[in-house]
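I opened the model to look up its fold, one of its helices and a loop residue. My entries follow in the order in which I made them.

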Amino acid sequence: MASAIQLVDPSGVVRAWMCGTCFHVGAAGTYLGKNADERIASASKMRAESCCVCTSCGKSRPREGRVSFLECAECAEKRRLAEEAERAAKMLTHDQCAECEGDGTDLDYEDCTACGGSGWVAKNGGAK
Ligand SMILES: [Zn+2]
Ligand SMILES: [Zn+2]
Ligand SMILES: [Zn+2]
C-alpha cells in the first residue's frame with residue numbers, strides 16, 4: 001500500500017498530504033493553505049492515506065478504470081456476483097413484485113403496498 005506523501009512549506013511545516021499512488025491531495029473538503037494547522041493537516045493525511053485504498057479489502061486500488069468509487073475492481077466484481085447469486089436464490093421462492101416492478105417504491109416514492117417495499121412477493125402464497 002502506497003503511503004501518503006507530506007507536503008511541507010518552506011519553513012518546514014506540514015500543510016497537507018497527498019496520496020502516494022495517484023498524487024491527489026487529500027483536502028477533505030477543507031481549505032488548505034495558511035490556516036492548515038495540525039488538525040487540518042492530519043485530516044488531510046487520513047484522506048490521502050485512504051485515497052487509493054479499497055474500503056473492502058484494504059488493498060490499494062488503481063484509480064483508473066475502477067468499477068466502484070470506493071472498492072477495487074476485484075471487490076466490486078465480488079459484490080456484483082454476490083448480489084446476482086442472492087437475486088437468483090430469491091427468485092426460486094419469490095416473484096418480482098408486479099406493482100412496482102421490483103423497485104420497492106410506488107409512484108410517490110413510498111414503500112410499495114403490494115410487496116411492503118421489498119420488491120418481491122412470495123410465490124403462490126401472497127395476499128392476492
Ligand atoms: Zn489516490
Ligand atoms: Zn478490494
Ligand atoms: Zn412492490
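**Overall fold**

I first looked up burial, and buried residues make up 17% of the 128 residues in the protein; a residue is buried if 20 or more other C-beta atoms lie within 10 Å of its own, exposed if 12 or fewer, and partly exposed in between, with C-beta atoms placed from the backbone. I noted that this is a predicted model, in which local features need pLDDT of at least 70, side-chain atom pairs count only at pLDDT 80 or more, and totals for chains, interfaces and linings use all residues. Residues are numbered from 1 along each chain as its sequence is written, while chains are lettered from A and ligands numbered from 1 in the order in which they are written.

I then listed two helices and four strands, taken as DSSP runs (helices H or I, at least four residues; strands E, at least two) numbered from the N terminus, and their order from that end is β-β-α-α-β-β.

**Helix α1**

I found that α1 spans residues 38-50. Its buried residues are Ser-44, Lys-45, Arg-47 and Ala-48. Seen down the axis of α1, they fall within an arc of 165° (that of the directions from the helix axis to the C-beta atoms), so they line one face of the helix. The face turned away from that buried side carries the exposed Glu-38 and Arg-39.

**Ser-60**

I located Ser-60 in the loop between α1 and α2 (73-93), where it counts as partly exposed because it has 17 C-beta neighbours inside 10 Å. The C-alpha atoms of Ser-60 and Cys-72 are separated by 7.5 Å, with the two residues twelve apart along the chain.

Technical notes:
Expected span 1.5 Å × (residues − 1).
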